[in-house]
Amino acid sequence: MPSPREEFLAGAREVAPTLVGTVPFGLVTGVAAIAAGLTPLQGFAISVLAFSGIAQLVAMQLMAVGSPIVLTVAAATVVSLRLLMYSAALAPHVAHLSRGWRALLAYLMTDQSFASSVRRYGEPGERTHKHWHFLGASFTLWTTWQLAVAVGVIAGTGVPGSWSLDFVVVLTFIALMVPVIRTRADVAAAIVAAVVSMATLGLPYRLALIAGSIAGIAVGLVIERAHQAKR
């Protein structure tokens, strides 16, 4: 049976390839914080308190256009709803851990660490130390992300616009999304979210993002429930 140290290092190694996308994404988010009018300290503090790349970026974009705080929080919440599904999937595997362990893993969980942890928990064998694999993957991502954001907030608007870092964010999310679109519900949710977002681009305060997210989630849930009802 692998030791906690072996599991931790295995988790870190497994997510290492994803860091290529994490670094520029974190840099873009840090720069976006400064562009939204935050100080470097404020930008970094938000990153530590709310460890969610897409939620941070959405919040920064809404703050930059003067969106009301309620709407900003609502948008960040909507794009983070996927974490509830991740938590539900992992709950049976971490139910035996202490409350402190579960709180730590919940805070550190990301799309990449979830995918890595689900795969590890799905493997046969004793699960006593598998949460260390989860921690290794999550902590590696957290550390890399915070360092990248720190560089971004320090660099601020000094980063040349010719770098086209915003496009890197798009590529990062495409790379994350494509592998997890497996069912008809997933495909329908992605398509509807994209179509609604494009159709509502004229809405103020970037409401197109919220509209697309809600529409996609709703359609995905309806199709998934209909599929389950047929079983």
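1. The chain average is 83, with 88% of the residues scoring at least 70. Where pLDDT is low, the predicted coordinates should not be read in detail.

2. Residues are numbered from 1 along each chain as its sequence is written. In this predicted model, local features need pLDDT of at least 70 and side-chain atom pairs count only at pLDDT 80 or more, whereas totals for chains, interfaces and linings use all residues; side-chain values use heavy atoms, without hydrogens and water.

3. The axes of helix α6 (residues 82–94) and helix α8 (residues 111–121) come within 11 Å and cross at roughly 30 degrees. Axes are lines fitted to C-alpha atoms, for helices over the stretch in contact, with angles from 0 to 180 degrees between N-to-C directions. The two helices, α6 and α8, are therefore roughly parallel to each other (angles under 35 degrees count as roughly parallel, over 145 as roughly antiparallel, 65 to 115 as roughly perpendicular and the rest as oblique).

4. For helix α1 (residues 4–15) and helix α9 (residues 130–155), the axes come within 7 Å and cross at roughly 45 degrees. Helices α1 and α9 are therefore oblique to each other.

Notes. pLDDT is the predictor's confidence in each residue, from 0 to 100. Helices (H or I, at least four residues) and strands (E, at least two) are DSSP runs, numbered from the N terminus.
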